[in-house]
Amino acid sequence: MTDDLRSAGAPTLEDVARAAGVSRATVSRVINGVRNVDPAIQEVVRQAVSVTGYAPNRAARSLVTRRADAVALVVSGAGVEAGADREGSGSRSAGDQGSFTAQVFADPFFGRVVTGVVNYLRPRGMHPVLMFAETSRARDEVVAYLRQGSADGALIVSTHAEDPLPGLLTEAGLAAVLFARPARPVPISYVDLAHQDGARLAAEHLLARDCRRIATISGPLDVPAGQARLAGFRDTMARHGHPYTPIAEGQFTQESGEAAMERLLAAHPDLDGVFAANDLMGMGACHVLREHGRRVPEDVAVVGFDDSSAALACRPPLTTVRQPVEEMAAEMTRLLLDRLARPTSPATSVIFEPELVVRGSA
């Protein structure tokens, strides 16, 4: 196949078929994602598409496939209205909405999710549509958007254990996959991390450094990941003869990590090790320790969780438990596309393993 196979006008399916040496019908099946085409033929057709410069007519393709070639990437907030519908007016406060979106974009975690989703969709000619569902009205808009076919399915990142959106989507029979297991039993596919095992790695590392007065800054305890990380850490400490671990709850933000570290230092000034349940809180903890004249890690060792950009921005760089967010987001996307190809397939789950990344803080 060479450039002289390009048509003078816009390339057509016939041009691709000639370049690939297959029928027009075969090219159409490959482009429209029909599964019963030999992989070798699929690759020949894809090369022909690249050589001819053929670009599918998405509007016409949608009429045939009934697909939008887009998925909704939904960041969904709490089930409890946070200043959402005021006095029955059905209106949302711009300040409340802005606060929710600002919190989302301030957390490196969400950027990593987007990267994983985009990197998986782009080679397949698809794209994500970012949506926020922080109120009941916004959740209704997501359901309506999917029902009208504007997106083929939803990838959901929930920020609250009481989030009703996964249940709403499954009840409506809409294709969806969740990042992190739901707090309540819902027949929905999800990807997650073995959080308790990750917290175990953090505890064992601090103990191996001969830390003996160890405290933890937990995540929000109404979130399954926060609960699991705390449970795994406390269980490991208990198994090593430490029946009591001081705890200060945070909210997965740097500011909450700073406040929690202040509380822990006030109550336990002699502590020599801290496990923060995410890197932003770990960064906040290190900042407060420096302000109080404590050297990290010489006086107090600190371990975070996630291996986000915050771990590298921390001073010193944060020892942390790696959560492979990009890979998890890609797998979440794969599960959704598989569900779209096989609508009757049962819900499934994929659990990823954590890994300790040792840097300067511990």
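Biologist: How much space lies in the largest cavity?

Modeller: This is a predicted model. A search of the whole structure finds 1 cavity of 30 Å³ or more. The space in the largest cavity is about 30 Å³.

Biologist: Which elements give two or more residues to the lining of that largest cavity?

Modeller: The lining residues are Asp-107, Pro-108, Phe-109, Asn-278, Asp-279, Leu-280, Asp-306 and Ser-308. Domain 2 (68-78 + 96-191 + 323-351) and domain 3 (193-320) each supply at least three residues of this lining. The elements that give two or more are helix 6 (108-121) and helix 12 (279-291).

Biologist: How many residues of that lining are nonpolar, polar and charged?

Modeller: Asp-107, Asp-279 and Asp-306 are among the lining residues, and Asp counts as charged. Pro-108, Phe-109 and Leu-280 also line the cavity; Pro, Phe and Leu count as nonpolar. The lining divides into 3 nonpolar, 2 polar and 3 charged.

Biologist: How many disulfides are there?

Modeller: A disulfide needs two cysteine sulfur atoms within 2.5 Å. For Cys-314, the nearest cysteine sulfur is that of Cys-286, 3.7 Å away, so Cys-314 is in no disulfide. The count comes to 0 disulfides.

Biologist: Is Cys-314 buried or exposed?

Modeller: Buried means under 20% relative accessible area. Cys-314 has 1%, so Cys-314 counts as buried.

Biologist: Where do the buried residues of helix 2 fall, seen down the axis?

Modeller: In helix 2 (residues 24-31), the buried residues are Thr-26, Val-27, Val-30 and Ile-31. Residues three or four places apart in an α-helix point the same way, because there are 3.6 residues a turn. Those buried in helix 2 line one face, within an arc of 130 degrees.

Key. Residues numbered from 1 in each chain as written. Predicted model: local features only at pLDDT ≥ 70, side-chain atom pairs only at ≥ 80, totals over all residues. Heavy atoms only, no water. Buried < 20%, exposed > 50% of the residue type's maximum accessible area, 1.4 Å probe, protein only. Helix = DSSP H or I, 4+ residues; strand = E, 2+ residues; numbered from the N terminus. Arc of directions from axis to C-beta. 1 Å grid on protein atoms, 1.4 Å probe; cavity = no way out; pocket = protein on both sides within 12 Å on 5 of 7 lines; lining within 4 Å. Points joined across faces, edges and corners; volume = space filled by probe spheres on them. Domains from an automatic or database assignment.
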